[in-house]
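Biologist: Please take a close look at the side of one chain that touches the other, and describe it with the terms spelled out.

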Amino acid sequence: MAIEKQAKPMTGHYNMAVVKAFFIATFCLLMTWAAGAANFTASLDRDSIQLGETVTLSLTFQGGQPRNVPRPDVPGLQIVNAGNSSSFSFDNGQMSSSVVVSYSIAPQQAGDFTIPALTAEIGGQQFTTQPMKLKVSKPGAPSSAQINSGSELAFMRLIVPEKTVYPGQVISVQAQVFFRDDVQNMQGFQFTALPADGFTVGKMVSGGRQQAQIGNRNYTVFPISLALTVLKPGTLTVGPVSASVMLITGGQNFGFMGLVGGEQRQVALTADPITIQSLPLPTQNVPPSFNGAVGDYTMTFSAGPTNLAVGDPITMRVQISGHGTLDSLTLPNQAGWNDFKTFSPTSKFQANDGLEDQGTKTFEQIVTPQNASVHELPAFAFSYFNPEDGTYHTLTQPATPLTVSAVAATPLPTIATPKQPAAENQTPQDIVPIRENLGALARAGTPWITRPAFLALQAVPVLAFFSALVWRKRTDNLANNPRLRRQRAVEQLIAGGLADLNQFASENKSNEFFATLFRLLQEQLGERLDCPAFSITEADADNRLISLGATPETLNSLRELFQACNQARYAPVQTPQELSAIAQKFKKVVGELQNLKT
Amino acid sequence: MKRLLFILSAVLICATTLLASDATANFSSANQLYDEGKFSQAAKSYETMLNAGVVSPNLLFNTGNAEIKSGNLGRAIAAYRRAELLAPRDVDVRANLNFARNQVQGGAFSGSHWDAMLGALTLNEWTVLAAMAFWLTFGLFAAMQIRPALKNILQGPARGLAVLTVLLCLCLGVAANTHFSKQIAVVVSPDAVTRSGPFSDAQNAFAVHDGAELAVLDRRNNWVQVADNSGRSGWIQDGQVEVLPAI
């Protein structure tokens with residue numbers, strides 16, 4: 001026991017010493033970590049970029065959590081948070097932690113920028129970084145030597161087929177975007193600048209990718225075509241065109257999982273500007289029907305009806321097909337139409353390609369002859385300037401003979417198609433004429449389906465069906481239940497018999513009264529006791545009615561009625577009042593009997 | 001009381017007769033203008049009648065003709081569509097509507113097959129058809145309860161009618177839903193532009209041409225949100241469109 005008493009304090013002392021040593025060591029370690037590891041640094045992944053590219057600013061906090069995270073604000077730089085990350089590590093027995101806050105910086109303009117010193121507090125200590133310089137240069141197209149050396153990850157070229165154009169002409173400009181073969185993916189391609197002073201920018205269409213070899217490297221080419229309409233004469237410039245795109249290189253392709261890892265890089269692409277000479281349209285030999293159409297066109301013409309009365313409409317259909325600014329094309333004003341009233345034409349444009357610089361525009365115009373002296377629809381002319389040969393052309397439709405009568409009778413329309421026979425399934429040339437009668441007037445109002453009265457009316461067949469169903473069930477029930485059927489029959493018999501009793505009482509027909517009364521009593525008791533009516537005796541009735549729960553008063557009344565019937569056989573003469581009182585008593589007794597549960 | 005009712009009935013009949021004769025005279029006058037080639041005036045006359053509450057498929061048909069001859073393609077299509085709502089199986093209305101649609105720039109209108117099928121009857125016609133089948137079905141079932149001997153004869157037709165009733169009620173439900181929830185906006189302005197928001201200085205969304213038929217998505221103040229066949233949506237001022245039920 002003594003040994004045990006000494007041993008216990010010794011063990012406790014030893015444990016306390018170990019715990020103290022652990023805490024001291026931990027404290028020292030934490031002090032070391034806290035005193036030596038706290039730091040705050042800021043860095044840019046690049047200090048020189050082109051406009052359109054982005055750069056990442058990383059703020060690294062070591063040795064603890066920052067109390068506040070500074071956010072730089074520099075005019076001309078768009079700075080957005082790109083995410084946070086934190087890490088812990090043990091190195092040579094020393095623990096270290098770091099938090100990295102990243103910002104994505106997109107310059108809005110070229111120039112030299114300074115990201116100011118940033119201050120953060122970590123573990124009660126203030127840390128300040130050094131200011132950083134960022135140089136943003138205007139993007140420039142790479143030289144031919146750079147391209148041919150294969151050093152460019154991606155670049156863009158601008159191709160303009162025509163170097164001499166005319167105002168109103170549509171030209172197709174192609175931007176070819178080249179991606180080197182080690183570019184595994186590209187995202188978010190967009191034009192950042194597309195200057196085309198003196199042009200109207202039209203539709204843009206992407207073509208199918210192609211392969212090209214430049215120098216020793218293979219490139220994938222994405223052509224993007226753009227329709228430009230020349231607005232004015234003079235020296236015009238397209239470009240410099242710039243675009244930005246995110247490229248991914250160095251990733252691992254895991255088949256169905258897709259591309260994993262790799263480096264993402266925002267790249268600015270620039271194509272050198274191209275100068276185009278726009279010549280003014282010739283001022284000599286301009287046809288009278290020229291109204292600004294530039295391109296290369298063909299025309300088809302039809303008009304009808306040709307046999308009509310004064311004031312009747314003639315529908316002219318003009319189809320202009322070819323290459324040019326078809327969407328903005330209008331019909332020229334025609335000379336020699338003084339005898340006609342003309343209406344604004346309608347038009348429909350159907351493009352043959354995505355740029356919408358080729359296709360067919362169809363005009364429909366209504367004209368009406370104003371007098372019967374009109375014998376022809378004047379010749380129709382459409383003029384255009386063809387930039388290919390630099391001359392004006394006129395497409396002419398000869399005059400169409402007309403037969404115009406003064407009588408206001410509209411014959412069936414006949415369509416004049418001088419150049420082409422009418423194709424089958426062709427669009428009808430005119431509308432169906434107007435109706436002469438007003439016809440049946442339509443009643444305005446809410447649809448029937450929303451009218452409560454109509455909806456309520458739909459309950460009628462449902463109710464009729466359920467009524468028939470209930471009636472059928474009751475009929476079947478009665479047919480299959482003889483006792484119920486007898487009960488109903490006796491109820492009807494009693495109802496009729498009571499009327500007879502009252503009549504006999506009023507007429508003082510004592511014999512008939514009591515004979516009816518007795519028969520009714522027998523029928524009612526027979527029904528209640530489920531036995532033949534003629535077999536009922538007074539004693540039998542008493543015993544069985546008691547078992548059914550009849551009250552003594554009911555039984556007494558019943559006996560009195562039976563006795564009255566018996567006495568009447570011997571002394572039938574009674575007054576109408578007495579008979580009426582007996583009838584009332586019978587009615588009461590029958591009511592009580594009918595309420596018994598059988 | 002009886003006398004009062006008689007007088008009221010007489011006044012009502014006289015007023016209706018006068019209105020009808022007046023409408024017929026106006027209709028003839030407008031037709032005369034049309035025959036003389038005065039299409040704009042004819043269109044105005046027809047429009048005046050419509051504004052006065054006179055509605056008939058023929059009036060709307062002639063309105064469409066006058067509008068299309070006046071170059072108002074959108075208003076013509078709107079009138080033909082309204083005529084088609086009242087007389088969906090009128091071949092002339094359909095022919096002129098198709099003719100007008102072919103004049104519209106920017107692609108032809110393409111409605112759904114369901115709408116085309118359900119549009120073959122008016123909503124009231126669908127309602128009557130479904131109600132008749134409903135009444136007949138319950139009538140046959142009630143007759144079988146009253147006369148069980150007829151059950152063998154009536155059972156087959158009654159079941160067939162019940163299936164038909166369910167189908168017709170489904171069609172009616174879809175037609176009613178389309179009628180009340182789906183609307184079409186017909187562009188009636190030659191230079192309409194949809195915008196990205198329901199305000200005047202919002203960015204342009206896409207251009208629409210006179211006569212274009214667009215699905216109505218929403219309405220806010222005096223703006224209508226519309227979508228075209230390709231799924232593009234935008235807001236257009238309600239004065240530039242006529243909004244009609246889809247069927």
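Modeller: What follows describes that contact side and then one of the helices that contribute to it. This is a predicted model, in which local features need pLDDT of at least 70 and side-chain atom pairs count only at pLDDT 80 or more, while totals for chains, interfaces and linings use all residues. Residues are numbered from 1 along each chain as its sequence is written, and chains are lettered from A and ligands numbered from 1 in the order in which they are written.

Counting two residues as in contact if their C-beta atoms, placed from the backbone, lie within 7 Å, 46 residues of chain B meet 39 residues of chain A. On chain B, the elements giving two or more residues to this side are H1 (2–35), H3 (57–69), H4 (73–86), H5 (91–103), H7 (123–146) and H8 (151–181), where helices are DSSP runs of H or I with at least four residues, numbered from the N terminus. H7(B) supplies the largest share, 12 residues. By class, the side of chain B that touches chain A holds 24 nonpolar residues, 18 polar and four charged; Ala, Val, Leu, Ile, Met, Phe, Trp, Tyr, Cys and Pro count as nonpolar, Asp, Glu, Lys and Arg as charged, and the others, Gly among them, as polar.

Among these helices, H4(B) has 14 residues and spans 20 Å from its first C-alpha to its last, close to the 20 Å expected at 1.5 Å a residue, the expected span being 1.5 Å times one less than the number of residues. H4(B) is also mostly covered, with 14 of its 14 residues buried, that is, with 20 or more other C-beta atoms within 10 Å of their own, C-beta atoms being placed from the backbone.

How values were computed: A residue is buried if 20 or more other C-beta atoms lie within 10 Å of its own, exposed if 12 or fewer, and partly exposed in between; C-beta atoms are placed from the backbone.
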